[in-house]
Structures are given as C-alpha cells and as structure tokens.
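Here is a walk through the contacts that hold one assembly together, from chain pairs down to single side chains. Have the viewer open while you read.

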There are 4 protein chains.
Amino acid sequence: MPDYSLAELVKRDIVLANRIMSRENVIDDFGHISLRNPENPNRYFLSRSRSPEIVTLDDIMEFTLEGEPIDQRGRPMYSERPIHGCLFMARPDVNAVAHFHARSVLPFTVADEPLKPLFHMAAVIGETVPVWDSQPEFGDTNMLIDTMPMGHSLAKALGKNRTALIRGHGAIAVGENLRNLVMTSVYLKENAELVLQARSLGKPLTYLTPGEVQKTGTMLRTPIATDRAWDYYVARAGFRGM
Amino acid sequence: MPDYSLAELVKRDIVLANRIMSRENVIDDFGHISLRNPENPNRYFLSRSRSPEIVTLDDIMEFTLEGEPIDQRGRPMYSERPIHGCLFMARPDVNAVAHFHARSVLPFTVADEPLKPLFHMAAVIGETVPVWDSQPEFGDTNMLIDTMPMGHSLAKALGKNRTALIRGHGAIAVGENLRNLVMTSVYLKENAELVLQARSLGKPLTYLTPGEVQKTGTMLRTPIATDRAWDYYVARAGFRGM
Amino acid sequence: MPDYSLAELVKRDIVLANRIMSRENVIDDFGHISLRNPENPNRYFLSRSRSPEIVTLDDIMEFTLEGEPIDQRGRPMYSERPIHGCLFMARPDVNAVAHFHARSVLPFTVADEPLKPLFHMAAVIGETVPVWDSQPEFGDTNMLIDTMPMGHSLAKALGKNRTALIRGHGAIAVGENLRNLVMTSVYLKENAELVLQARSLGKPLTYLTPGEVQKTGTMLRTPIATDRAWDYYVARAGFRGM
Amino acid sequence: MPDYSLAELVKRDIVLANRIMSRENVIDDFGHISLRNPENPNRYFLSRSRSPEIVTLDDIMEFTLEGEPIDQRGRPMYSERPIHGCLFMARPDVNAVAHFHARSVLPFTVADEPLKPLFHMAAVIGETVPVWDSQPEFGDTNMLIDTMPMGHSLAKALGKNRTALIRGHGAIAVGENLRNLVMTSVYLKENAELVLQARSLGKPLTYLTPGEVQKTGTMLRTPIATDRAWDYYVARAGFRGM
C-alpha cells in the first residue's frame with residue numbers, strides 16, 4: 001500500500017516548495033526551505049544538502065531543533081541548519097522557514113536603503129525588514145550561519161517580523177505554513193526589484209502606510225488569496241493541478 | 001453537437017486573452033480580464049477566482065454590472081468585480097476591461113513621474129494616463145477595489161482615457177474589443193519599461209506629440225494592425241493558428 | 001521534384017532570419033527583414049504582413065524597388081515597404097535590410113545620447129549611428145515610414161552607415177548579406193543594452209577607437225566569424241544544423 | 001568496446017562545461033573553455049571554432065601550449081588560443097581557463113569602477129579583479145587576443161588572481177579544475193549584475209572584507225560546495241544526473 005502518512009504528504013509539499021522557489025528565481029544553487037513537523041513541534045523537515053532545483057522526496061530529512069538528524073543514512077547536510085532550528089525555537093508561531101540569496105534583495109543588505117512594501121502584494125513581507133550583519137558579533141567569517149550562536153543572533157534580529165536581510169549574503173522568511181512562506185519569499189524578491197526600479201527615477205516614493213500593510217497583509221494571508229498564488233506557482237513549476 | 005454559440009466563442013477568446021496576458025508578463029498570479037456580453041450589454045464575462053495562467057473554459061462566469069453571478073455553481077469569485085462593472089457602466093464604448101500589476105508600471109504609481117507614450121506602439125495607451133489613489137477618499141484599506149463606491153471612483157478617474165494607474169497597486173486598461181484591450185495592456189507595460197530605461201540616461205526625453213499619439217493610435221487600432229499583434233501573442237502563448 | 005531553385009533557398013533563409021530575429025528579441029510583433037533578389041537587383045523578397053515569429057515559406061513575396069508586388073495573390077503587405085525599396089535604391093552595396101523596434105535602442109532615439117560601439121562585437125554596427133526624425137520634414141504622422149519620400153529621407157540620413165535610429169520608433173540595419181545583417185542587428189541591440197547599463201554607473205565610458213571599430217568590424221564580417229554567430233542563432237531558434 | 005579512457009571523460013566534461021556556460025548566459029556565440037590535459041601538463045583541450053552552445057564531443061581538440069593542434073583533421077580553430085596557452089604557461093596551479101563576454105562584466109571594463117565581491121558567493125572571484133587593456137601595448141587592433149605576446153601580456157596582468165577583465169571585450173577566469181572554473185565564471189557574472197543594481201541606489205556599498213573573501217572563497221572551493229553548484233548547473237543545462 002502506498003505511503004499515505006502525514007509525513008509523506010508533508011515531504012511532498014516541501015519538494016513542491018523547493019521547485020517553486022527555484023522556478024520563481026527566489027532560490028538558486030544554494031538556499032533551503034524547512035517545515036516544522038506537524039506531529040512534533042521539536043523537529044523539522046529539510047532536504048539533504050542539494051540544490052532546491054533537484055530536490056526529490058528521498059532527500060527530505062528530519063532534524064531536531066539543535067540540527068541533529070533523526071535518520072541520516074549517510075546523506076550530506078546543509079551546514080546552515082542553525083538558521084532553521086534557531087528560528088523554530090524563537091518563534092512558536094512559525095512553522096516554515098526559507099533562506100535564499102535572491103539577487104534583488106542583496107543591494108538592500110549592503111547599502112543604507114530600507115526595504116519596505118511599495119505595492120500591495122508586498123504587504124506580506126511586513127512593515128519592517130531588519131538587516132542582520134555577522135561582522136559586529138562574529139568578525140570575519142566564511143559568511144555561513146553555521147553555528148547555533150549565529151542562528152540565535154539572527155533570530156533575535158528577526159524579532160517578531162516576517163522577513164530579514166543578511167548583509168552581503170541574502171535573506172530569510174518565515175511563515176505559519178509553507179504556502180504563505182512561499183508567497184512571502186516571492187514577494188520579498190518582487191518588492192526589492194520594484195524598489196530598485198522605482199528608485200532609478202530619482203524621486204521620492206510613496207510606500208504603503210502601516211495601516212495598509214496590516215490590512216492588506218491580513219487579507220493576503222487568507223486561504224483564498226494564498227491558495228490562488230500557490231496554484232499559480234505550482235502550475236509554473238510544472239506540477240499543474242497539485 | 002458541439003457548442004457553437006456566440007457565448008462559447010466569446011469564452012474561448014477570454015481564455016486565450018488570459019493566457020496571452022500571462023505569457024506576456026502583463027498579468028501575474030492576481031489580475032483579471034472581462035468582456036461585455038455581446039448579446040446583452042448589461043452583463044459581462046469574467047473568470048472565477050483563479051490565476052489567468054490556469055484559467056480554463058469552465059471558469060468563465062457571467063455577471064450583472066452590479067457583480068452578481070448569473071449561475072455561480074459554487075465557484076469562488078474575484079472580489080474586485082466592481083472594477084469591471086463600474087467601468088462598463090461608465091463607458092458604453094468599452095467592451096473589455098483588464099486589471100493587472102505589471103511591475104514596470106508600478107513605479108509610475110508611487111513616484112511623481114508621468115507615464116506618457118514614448119514610442120509609436122505605445123500610442124495605444126492614449127495621451128494621458130491618470131493615477132488613482134485610494135487614500136484620499138477611502139483611507140487605509142486592504143488596497144482592493146472591492147466595493148462599488150471604489151469602482152465608481154476609479155471609473156471617474158479614468159474618465160475618457162484608455163488606461164489608468166492605481167497607486168501602490170497596478171493598472172487598468174479598457175478596449176472596444178478584446179484584441180485591442182490586450183494590445184493596449186501589453187504596450188502600457190512595454191512603454192513603462194522603456195521610460196524607466198530611458199530615464200536612466202538622465203537626460204530630457206522627447207515624447208510623442210499629441211498629434212502623433214492620435215494618428216498612430218488610430219492606425220494601430222485598425223484590424224490589420226491589431227490582428228497582426230494578436231496572431232503574434234497567440235503563437236507565443238502556445239495556441240498557434242487560433 | 002522538390003523546388004531546388006535559388007529563389008526557394010533564398011526564401012528559406014529569409015524565414016530563418018525572421019525566426020532568429022524574433023528569438024533574439026530584436027524583432028517583436030512588428031518589424032520586417034528583406035533580401036535583394038540575387039538574380040535581379042531591382043527586386044527584393046519580403047514577407048507578407050505578418051509577425052516574423054510566425055512567418056513561413058508561403059509568406060515570402062517578391063517586390064519591385066517601388067514596392068509593387070510581383071504576384072500578390074491577395075496577401076496583405078507591410079505598409080513600410082518604402083524602407084526596403086529606398087535603401088536598396090540608395091545603396092547598391094546592400095543586399096539585406098531589417099527594420100525593428102528592439103527596446104534597448106529606443107532610449108537613444110529620444111534622448112541626446114549617442115549610440116556608439118562600446119565593446120568589440122558591436123564594431124559591426126559601425127562608428128556612427130545616425131538618428132532620423134520624421135517631424136522636421138513630415139510633421140505629425142502615424143509614425144510609419146509608408147511613403148517613398150519618407151523612405152528616401154531615411155536613406156539619406158543613413159548615408160554610408162550600417163545602422164540608423166528612428167526617433168520614437170526603432171532602427172534599421174543593412175548588410176551585404178543576410179547573415180551579417182542579422183549579426184549587425186543583434187549587436188545593435190546588445191550594444192544599446194550595454195551602454196544603458198554602463199551609463200548607470202555615472203562615470204565616463206571608454207568607447208572603441210575608430211581604428212578598433214574598423215579593424216574589428218572587418219574581422220567580424222569574415223565568413224568564419226559571421227558563420228559562427230549564424231550557427232549559434234540557428235540553434236537557438238530551434239533549427240539546429242541548418 | 002566504448003571509449004572509457006581518461007581523455008574521453010575529460011572531453012565529456014568540457015562539452016558539459018560549454019553547455020552550462022551557455023545556459024547560464026556567461027558565454028554567448030563567441031567565447032571558449034579549455035582544460036589542461038591531466039596526463040600531459042604541456043597540452044590542453046579546447047573545442048574547434050564553434051559556439052559553446054553547440055559544441056559536441058567530436059569538436060574537442062588537443063593543443064600544445066603554443067597553440068599547435070595535435071590532430072587538426074581540418075577543423076577550424078579559435079584564433080584566441082594564446083589566451084589559454086599563455087595562462088597555462090604562467091600558472092602551473094591552473095588547469096582550466098574560460099574566456100567570455102558576459103554583458104554584466106563589460107561596464108567594469110570601460111568605466112573607472114572596480115569589480116569586487118559584494119556578496120558571499122562572489123568570494124570565488126577573488127579579492128582583486130585586474131583590468132587589461134590592449135591599447136597601451138598594442139594600439140588599435142581587431143580586439144582579439146590572437147598572438148602569443150598579447151597572451152603573455154594578459155597573463156602578466158592576471159598575476160596570481162582568479163579573474164581578470166579585458167577592456168571593451170570581456171573577461172577571463174581560471175580554476176584548479178573545471179568545476180570551480182565554471183562556478184567562478186558564473187559568479188563573476190552574477191556579482192557584476194549585483195554591483196550594477198546596487199550602485200543604482202546611489203549610496204556607498206559595503207563590500208566583503210578581505211578576510212571574508214579569503215574564508216568564504218576557501219569554503220566555496222571545497223568539493224561539497226562546488227559539487228552542489230555543479231549538479232545544479234548540469235540539471236539546468238538539461239543533463240540532469242551527470
């Protein structure tokens with residue numbers, strides 16, 4: 001009999017999310033997506049070390065929040081697991097985490113220019129997008145967030161927000177579920193592209209008001225809106241109808 | 001016997017227009033296209049709530065101008081139907097309406113930079129592209145145009161023009177028929193991209209004169225020009241020969 | 001027996017060139033490519049009025065330099081035929097002509113910024129790229145070059161050069177043969193993109209010297225270079241091995 | 001029996017690298033990739049003169065470091081072979097060389113703007129990217145590096161670095177092996193795109209520190225990181241699983 005367990009379905013959704021984030025150019029060769037185990041909040045699922053573009057069902061592994069594999073079977077692991085574990089520890093409301101290097105967000109990590117929602121769809125990224133820098137606390141590093149102290153520091157910088165930037169490196173996003181995580185990640189990238197384009201006009205920009213961000217974000221996180229975006233992403237990633 | 005009714009043919013063209021607008025990156029996961037019922041000017045056709053990328057024949061529903069479905073059959077509906085109904089009420093000359101969030105037009109909704117035709121093909125967008133803002137009249141909202149008063153306000157801002165922008169949100173376009181609606185929408189996006197690029201040179205730009213806009217727009221709305229563009233869009237969307 | 005005439009082979013190459021120019025985003029829904037009849041210098045081949053993306057063998061028609069069809073058979077014709085006829089009249093050295101609206105060249109038609117070769121491959125566009133404007137001589141028009149006087153005026157502006165820009169409209173390119181015409185057209189577009197990007201740094205740019213343009217252009221028009229580019233374009237357009 | 005020699009496997013990897021560099025838009029119609037013969041350090045492999053997009057196994061030829069073919073069999077050769085031979089002579093640590101015209105690096109060859117690693121993945125390009133100009137030493141040329149003196153001059157400019165730019169022409173990259181060569185080339189292009197985008201904000205940029213470049217570059221050249229990128233590139237180029 002086929003495997004119809006919850007874990008199996010969860011793994012399938014993680015594979016889908018990996019393919020979607022690749023297709024939408026949010027994630028490239030490096031970057032990863034995790035989902036908290038719905039049956040055990042102290043564990044999460046994450047692919048073995050492999051590009052999201054080619055992640056398959058057998059690659060999805062289970063980890064403790066400390067990043068220990070439950071059943072490694074020789075599979076290599078992402079060294080940046082602390083990002084996921086530390087965010088799940090700090091944020092009980094969060095069930096899904098993504099880390100990526102989408103090019104358009106990078107300028108906002110290395111220039112003194114805030115990234116804020118400029119159009120309604122971007123309300124999902126939240127009013128504030130903090131920037132975390134590894135230098136002040138950790139000095140010259142290989143730029144990976146590969147220790148628990150670095151993970152905790154990043155989680156602290158994120159605070160109660162939905163997205164954060166990492167200087168000279170990339171971004172993280174969190175979500176209550178995999179679908180709004182994907183939507184948040186895509187629109188973080190889209191909003192960054194938009195701000196870069198709009199700024200090229202050299203004129204003051206009218207950002208969404210805090211009230212608009214709050215009301216629009218709440219609306220976009222309803223299932224009808226999130227599912228419409230998900231179905232669209234799924235079709236574009238070649239899995240039409242899933 | 002197959003359904004060879006006018007309504008059936010009309011629905012097929014709406015599906016085509018949805019796919020084309022997706023393929024040309026005018027419409028993304030959100031956005032929609034309507035067509036006035038050629039047999040009843042007080043009704044219009046519009047897809048159920050679904051991304052244009054995946055709209056199919058069974059998704060096309062009929063509505064009154066007030067946005068009431070004729071035969072809902074449980075299908076979810078776009079909440080921004082007032083855009084379509086109010087524009088059809090205000091503009092008897094208009095038979096097709098599109099609403100979209102093409103990225104390149106967004107900077108012109110949040111910066112004090114007018115969007116005007118900069119090259120001949122863009123004459124189809126018209127000499128003036130007004131910007132509508134929900135704030136002055138409606139304050140902080142979820143940014144959707146989902147009430148009839150908002151729809152009427154937008155229709156008033158559009159006036160007699162062919163296109164209008166919506167602050168921090170997107171754009172609308174109208175047409176006498178589906179084919180020139182699509183062409184107008186595509187070239188609104190293309191012209192915005194062009195102005196952004198040209199402005200990056202930091203020099204004064206020579207826009208089309210009002211006379212050139214009028215003469216070129218009239219020429220481009222002749223069937224020979226509109227159909228050439230339509231055949232091109234159809235082929236690119238994968239429906240070669242339709 | 002199949003048609004192995006020269007005219008047949010010539011028509012096949014014109015279809016290929018149409019597809020290539022579409023694939024490389026030089027030509028869009030409007031725009032066209034002509035080739036002088038190698039057996040009769042007073043005639044040229046050009047597609048019926050149709051987007052280059054979908055041009056097929058049966059669409060290729062023959063015209064006199066005045067733009068009269070030899071065998072129309074009811075096929076609609078491009079109204080801008082004067083571009084082709086007038087350039088063939090003015091330039092006996094030219095056997096192929098292209099007209100297109102590649103977006104990246106348009107800023108250089110509406111801003112006071114010269115378009116000159118900035119990298120070696122762009123040497124094929126020539127040292128000077130004049131800009132022709134319809135306004136001084138013809139006033140407000142529908143922007144099409146659809147009369148012989150307009151065609152002659154454009155030919156005069158082109159002079160002995162290989163490429164020219166048309167204000168608020170697009171560009172033309174000429175070549176001794178179809179292959180170097182395509183290469184010239186592609187690199188006119190590529191060079192324009194490059195200048196736009198380089199200019200965004202806000203610093204003085206080092207263009208090729210006249211001597212470099214001359215020497216590099218001559219080298220790139222040798223068959224070994226032109227054919228390497230052609231084989232690449234053909235493969236990308238889906239006709240690998242032709 | 002099939003050819004399972006080392007030379008055969010090496011040739012297959014060179015074909016893969018050619019396809020990858022095309023797919024990733026690092027190399028276009030012109031440009032080439034070489035690999036030192038692992039069994040004879042005084043020879044290297046390189047395709048016959050052909051666009052990387054369409055290079056096949058039979059195109060891979062062997063050359064002496066002076067650029068003489070071992071077994072030409074009438075195949076045309078790239079005239080810029082001196083780039084490869086001179087770099088292999090000057091750098092015994094280098095086993096793979098690429099030359100390309102990726103558009104995003106070109107602005108940094110013609111404007112007084114240094115190209116330095118702005119994000120962690122770009123650490124692979126090295127702290128310093130020198131610019132070589134053919135003018136001071138060779139005057140007006142056809143811009144090709146097609147003589148041994150030019151190749152030696154370029155090698156001298158490269159020094160101990162991993163990448164170098166060529167004024168008005170393109171770039172070179174070197175690697176200990178084909179996989180890190182490809183990764184270095186891709187991220188040279190990516191970093192240039194990023195700097196161009198970030199600079200458009202008109203604010204000071206925070207580049208990686210020399211310590212970060214050294215530590216991150218070392219980490220990214222470990223097999224686990226290089227192979228993850230390689231598997232990703234291979235899948236995107238259509239050779240999933242090789």
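## Chain C against chain D

Buried area is the accessible area, taken with a 1.4 Å probe, that two parts lose on being put together, summed over both. With that in hand, and keeping in mind that this is a predicted model, take chain C and chain D: they bury about 3000 Å² between them, and carbon and sulfur atoms give 59% of that. On the chain C side, C:Leu201, C:Arg228 and C:Tyr232 supply 25% of the area that chain C buries against chain D, more than any other three residues. The contact draws 34 residues from chain C and 34 residues from chain D.

Helix 6 (178–199), helix 7 (210–220) and helix 8 (223–236) of chain C each put at least two residues into the side that touches chain D. Helix 8 of chain C has the largest share of that side, with nine residues.

## Chain D against chain A

Now move on to chain D and chain A. The area buried between them is about 3000 Å², with 59% coming from carbon and sulfur atoms. In chain D, the residues losing the most area to chain A are D:Leu201, D:Arg228 and D:Tyr232, together 25% of what that side buries. Chain D brings 34 residues to the contact and chain A brings 34 residues.

Three salt bridges turn up across this interface, along with 14 residue pairs in polar contact. On the chain D side, helix 6 (178–199), helix 7 (210–220) and helix 8 (223–236) each supply at least two of the residues that touch chain A, and helix 8 gives the largest share, nine residues. A:Arg167 forms a salt bridge with D:Glu212, and their closest N and O atoms are 2.7 Å apart. There's also a network of salt bridges that links A:Asp28, A:Arg103, D:Lys189, D:Glu190 and D:Glu193.

## Symmetry

How are chain D and chain A related? A rotation of 90° with 0.0 Å of shift along its axis superposes chain D on chain A, at an RMSD of 0.0 Å. The two copies are thus related as by a four-fold rotation axis. In chain D, the C-alpha nearest that axis belongs to D:Ser200, 4.6 Å away from it.

## The nonpolar core

In soluble globular proteins, nonpolar side chains tend to be buried together. Here the largest nonpolar core has 323 residues, and the ones with the most contacts inside it are A:Phe100, B:Phe100, C:Phe100 and D:Phe100.

Zoom in on the copy in chain B. Leaving aside residues up to four places away in sequence, B:Phe100 touches B:Met21, B:Val26, B:Ile27, B:Gly170, B:Ala171, B:Ala173, B:Ser185 and B:Leu188.

## Salt bridges inside the chains

Side chains of opposite charge can pair when their charged atoms come close. Over all chains, a search of the whole structure finds 68 salt bridges. One of them joins B:Glu113 and B:Arg199, at 3.0 Å from N to O. B:Glu113 sits in the loop between helix 3 (107–110) and strand 5 (131–132) of chain B, and B:Arg199 in helix 6 (residues 178–199) of chain B, so the pair ties together parts that are 86 residues apart in sequence. B:Glu113 is buried at 8% relative accessible area, and B:Arg199 counts as buried at 18%.

D:Arg236 and D:Glu24 meet in a salt bridge at 2.8 Å, N to O. D:Arg236 lies in helix 8 of chain D and D:Glu24 in the loop between helix 1 (6–23) and strand 1 (32–37) of chain D, so this pair ties together parts that are 212 residues apart in sequence. D:Arg236 is partly exposed, with a relative accessible area of 21%, whereas D:Glu24 is buried at 7%.

## A buried asparagine

A:Asn180 is in helix 6 (residues 178–199) of chain A. Is A:Asn180 buried or exposed? Its relative accessible area is 4%, so A:Asn180 is buried, the cut-off being under 20%. The side chain of A:Asn180 makes a polar contact of 2.9 Å with the side chain of A:Glu176. Beyond residues up to four places away in sequence, A:Asn180 touches A:Gly175, A:Arg221 and A:Thr226.

Definitions and conventions. Residues are numbered from 1 along each chain as its sequence is written. Chains are lettered from A and ligands numbered from 1 in the order in which they are written. This is a predicted model: local features need pLDDT of at least 70, side-chain atom pairs count only at pLDDT 80 or more; totals for chains, interfaces and linings use all residues. Side-chain values use heavy atoms; hydrogens and water are left out. A nonpolar core is a set of buried Ala, Val, Leu, Ile, Met, Phe, Trp, Tyr and Cys residues joined through side-chain atoms within 4.5 Å. Buried means under 20% relative accessible area, exposed over 50%, partly exposed in between (1.4 Å probe, protein chains only). Contact means heavy atoms within 4.5 Å. Copies are superposed by least squares on the C-alpha atoms of residues with pLDDT of at least 70 in both. Helices (H or I, at least four residues) and strands (E, at least two) are DSSP runs, numbered from the N terminus. A polar contact is a pair of N or O atoms within 3.5 Å; within protein, one must be able to donate a hydrogen and the other to accept it, and residues adjacent in sequence count only if both atoms are side-chain atoms. A salt bridge is a side-chain nitrogen of Lys or Arg within 4 Å of a carboxyl oxygen of Asp or Glu.
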